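Subject: Structure for you to look at

Hello,

Here is the structure I said I would pass on. Please open it first, then read my notes below.

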Amino acid sequence: MMSCKESVEALSSGRELSLAQRAMLRLHLLMCGPCGRFMAQLRILREAVGRLNAGQARLSDGERLRLEDRIIASIFPNGTNRGFNKN
Amino acid sequence: MGGLEITSPEFVEKIREREPAAIERVVRSFTSHLHNAALGMGFDPETAEELAQDVCITFYDKAPGFEGRAHVRTFLFAILNNKAMEKRREYAKMQKHDPIDDVVSARFDKRGHWIGSPISPEEFALSAENAEILRQCVDSLPLSQRSAFMMKEVEGLKGEEICNVLEVSATNLGVLLFRARNRLRECIEGKHLKRK
């Protein structure tokens, strides 16, 4: 029988489990309210951090091109002769 | 030039030879990914641009040694990770002991049963969906834990690729994720309880 502590360890590390261990974990989660809550919290965390990340300041197309140009110019001060993506 | 697969041996060879068009293609394909990843690690936009540029320059320096065994993306992210660690002066990637391990242990009795139950998902979501609280909690993560968590949960990278980027074993990736998830969970639950 898997204990709560072992279930929490398996859920949060995401380490690989044998078939038997996976079955025991599933059984434990079916019967154990607190561990069910723990698992739900991890799902909420994943979704919330995903949303937070999606909302962060990303480069606009113009800023992105400027940054790429700057990087390429710093590597090839004399130009690349045949710029990719440019016509 | 544009027709070659970025993972094809022919393209890898062009990278090794530092063919300008090949290097340029890599820069244009991955700069915004690198920038986003740096933001996800908690760097401000200006520093994120600086990091993206540094990574590309180091990539150019190291290109002759690129063997194509790992995807070029993995190669770039590994450089980014090292630069980020340097910037944060975080040299030890894997601490043998982390205080969060004790915090988690203290949640269970001798037989491994919960001493008190985690708060309900509804209560937990109230805190987690507050952007300010969540940001504070994410910012409290050590960089290696934060990077592992972001790559796994946000970028959706496979475990094997994350291990290559962070240069850790699968077991140690498990330890990093365990600590990241529990540190976030404890932080968010703690802030919820404090607000009551």
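Which residue takes a positive phi just after α2(B)? That residue is B:Gly42, and its phi is about 100°. Please keep in mind that this is a predicted model.

Helix α2 of chain B covers residues 20-40. From its first C-alpha to its last, α2(B) reaches 30 Å with 21 residues, which is close to the 30 Å expected at 1.5 Å a residue. There is also a kink in α2(B), of about 45° and centred on B:Phe30. Of the 21 residues of α2(B), 18 are buried, so the helix is largely enclosed by the rest of the structure.

B:Thr31 belongs to this helix. Is B:Thr31 buried or exposed? B:Thr31 counts as buried because its relative accessibility is 0%, and the cut-off for buried is under 20%. Leaving aside neighbours within four places in sequence, B:Thr31 is in contact with A:Leu67, A:Glu68 and A:Ile71 from chain A, and with B:Ala52 and B:Cys56 from chain B.

Chain A gives a case of the other kind. A:Met1 lies in the segment before α1 (4-13) of chain A. Its relative accessibility is 68%, so A:Met1 counts as exposed; the cut-off there is over 50%. Together with A:Leu27, A:Leu30 and A:Met31, A:Met1 makes a nonpolar surface patch of about 510 Å².

Regards

Conventions:
Residues numbered from 1 in each chain as written. Chains lettered and ligands numbered in written order. Predicted model: local features only at pLDDT ≥ 70, side-chain atom pairs only at ≥ 80, totals over all residues. Heavy atoms only, no water. Patch = residues over 30% accessible without salt bridge, like charges linked within 9 Å, V, L, I, M, F, W, Y side chains within 5 Å. Areas by Shrake-Rupley, 256 points an atom, 1.4 Å probe, with all protein chains shown as cover. Salt bridge = Lys/Arg side-chain N within 4 Å of Asp/Glu carboxyl O. Helix = DSSP H or I, 4+ residues; strand = E, 2+ residues; numbered from the N terminus. Buried < 20%, exposed > 50% of the residue type's maximum accessible area, 1.4 Å probe, protein only. Contact = heavy atoms within 4.5 Å. Expected span 1.5 Å × (residues − 1). Bend = angle between axes of the 7 residues up to and from the residue.
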